[in-house]
Amino acid sequence: MNSITIIGGGLAGCEAAYQIAKRGIKVKLYEMKPIKYTEAHSNKNLAEIVCSNSFKSNLHTNACGLLKEELRELDSLLIKIADETQVPAGQALAVDREQFAQRVTEEIEKNELIEIIKEEVSKINKEEITIIATGPLTTGELAKEIAEITGQDKLYFYDAAAPIITKESINFDIAFYGNRYEQEKSKSETEEEWRKRIEKQDASYINLPMDKEEYEKFYNELINAEIVTLHEFEKKEIFEGCMPLEIMAKRGIDTLRYGPLKPVGFDDPRTARRPYAIVQLRQDNKEGNIYNMVGFQTNLKFGEQKRVFSMIPGLENAEIVKYGVMHRNTYINSTQLLDNTYNLKSNSNIYFAGQITGVEGYVESISSGMVAAINACNKLRGESKTQFSELTMIGALAKYISTENERFQPMNANFGILPELGEKIKDKKLKYGKLADRAIEALKRDIEGIK
């Protein structure tokens with residue numbers, strides 16, 4: 001055996017392929033596109049991003065920002081390409097999704113140690129070292145095979161994607177540019193000084209203010225709009241982090257105003273006052289001609305999306321180039337099945353990576369691909385496992401998904417899964433900064449033992 005098999009050419013699979021080849025080991029990377037697509041995929045390239053184009057915050061004091069720092073230290077190919085293809089998004093790392101997928105594909109294709117096999121896999125050779133990175137949309141015969149290997153029933157949650165609209169169709173008599181808090185008028189500014197400042201602001205977000213009457217009309221139409229009917233076999237379990245807007249709204253009339261439509265940190269240039277609610281649009285490509293509706297993941301029917309979202313001031317004539325969709329996502333009960341190297345406890349040849357493991361998010365998936373790849377190489381070479389410190393975000397995620405939990409749900413990177421500091425710090429930013437500093441120091445110690 002002189003090669004490692006990877007099933008799935010998404011974020012986790014591509015990162016794993018690169019890391020294995022980097023260590024001089026051959027890779028057989030199976031990807032069913034373009035022969036077959038899932039209901040959410042349409043791009044023939046590897047590492048296709050189907051939901052938001054944001055890799056979240058780059059800040060050191062943000063959990064996902066810390067995770068990206070750790071991955072950069074470990075020479076992550078996908079984070080490197082994300083940095084190269086980024087588009088303006090304030091403190092977040094957002095990418096041009098077409099360029100990102102194309103660049104990843106180019107890098108994987110040109111690597112002589114990686115053989116890309118374009119076919120659908122239905123059976124897994126349990127005698128070969130294999131990383132299963134088929135993603136949260138794993139279906140069909142392979143899903144049955146995974147269920148057989150793991151001895152577990154499949155678990156489902158729902159992931160909803162937001163609509164994308166053209167910039168030219170936005171009404172800028174109402175819409176305005178600005179990042180939260182930076183756009184807001186400070187107490188020391190006169191109104192004239194504030195207006196001059198925000199006129200020059202070249203921000204990453206377009207904002208759509210709503211008054212009370214506009215918001216309530218929108219709200220009432222939203223909660224009564226028609227949604228796509230789910231299939232009988234789909235369990236109605238919704239992951240909190242990707243909850244459809246209309247489901248969230250039904251929790252109460254002000255729920256959205258404390259969530260994705262939160263107006264804090266903005267002043268409406270028309271009134272110089274804080275709006276009642278605000279909708280944010282985030283740049284979705286490098287050219288800046290299409291924008292993603294932030295937090296508007298939805299399961300509304302396409303016609304209803306056009307009707308209801310056009311009620312938002314500034315979007316009266318919005319051109320929706322990609323409607324929001326909701327799709328079934330699959331994950332295994334990793335807490336019972338995997339160790340903290342993403343290795344299957346019942347078969348040491350099998351590793352899992354990506355959202356199928358219960359790590360939720362792009363960067364988190366890349367992280368799991370990294371850990372699985374390093375340890376698959378160790379397995380092939382007869383070496384001991386590389387277990388990242390739980391003080392690192394990479395290690396904390398691996399520990400979270402491998403620690404028994406009766407109420408296991410997919411998890412994003414967050415500071416709550418890191419061990420506490422030895423001191424109590426009330427200032428949250430200061431506390432997170434210290435946790436992040438400690439994580440990077442721990443990672444550097446871990447790196448010394450990685451081959």
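Biologist: Which residues point which way from β1, and are they buried or exposed?

Modeller: In this predicted model, Ser3, Thr5 and Ile7 point one way from β1, Ile4 and Ile6 point the other way, and all are buried. Buried means under 20% relative accessible area, exposed over 50%, and partly exposed in between, with a 1.4 Å probe and protein chains only. Strands are DSSP runs of E with at least two residues, helices are runs of H or I with at least four, and both are numbered from the N terminus.

Biologist: What does that say about the strand as a whole?

Modeller: Five of the five residues of β1 (residues 3-7) are buried, so β1 is largely enclosed by the rest of the structure.

Biologist: Which strand is β1 joined to, and how many bridges are there?

Modeller: β1 is joined to β2 (residues 26-30) by five bridges, and the two run parallel. Two strands pair if DSSP finds at least two bridges between them. As one example, Ile6 has Leu29 of β2 as its bridge partner.

Biologist: Before I go on, what are the ground rules for the numbering and confidence?

Modeller: Residues are numbered from 1 along each chain as its sequence is written, and side-chain values use heavy atoms, with hydrogens and water left out. As the model is predicted, local features need pLDDT of at least 70 and side-chain atom pairs count only at pLDDT 80 or more, while totals for chains, interfaces and linings use all residues.

Biologist: OK, sheets. In what order do the three strands of the open sheet come?

Modeller: The order is β3-β5-β4, with antiparallel pairing. β3 (54-57) and β4 (86-87) stand at the edges with a single partner strand each, so one side of each has no neighbour in the sheet.

Biologist: How many bridges join β3 to β5?

Modeller: Two bridges, and β5 covers residues 92-95. Ser57 has Ala92 in β5 as its bridge partner.

Biologist: Why flag that?

Modeller: Because most residues other than glycine have a negative phi.

Biologist: What about Pro410, where is that?

Modeller: Pro410 is in the loop between α12 (393-402) and α13 (428-447), and at 5% relative accessibility Pro410 counts as buried.

Biologist: Now the whole protein. How many helices and strands?

Modeller: There are 13 helices and 16 strands. The radius of gyration is 23 Å, close to the 22 Å the globule rule gives for 451 residues, so the protein is as compact as a globular protein of that length. That radius is taken over C-alpha atoms, and the rule is 2.2 Å times the number of residues to the power 0.38.

Biologist: What are the spans along the principal axes?

Modeller: The C-alpha trace spans about 70 × 50 × 45 Å. Of the 451 residues, 56% count as buried.
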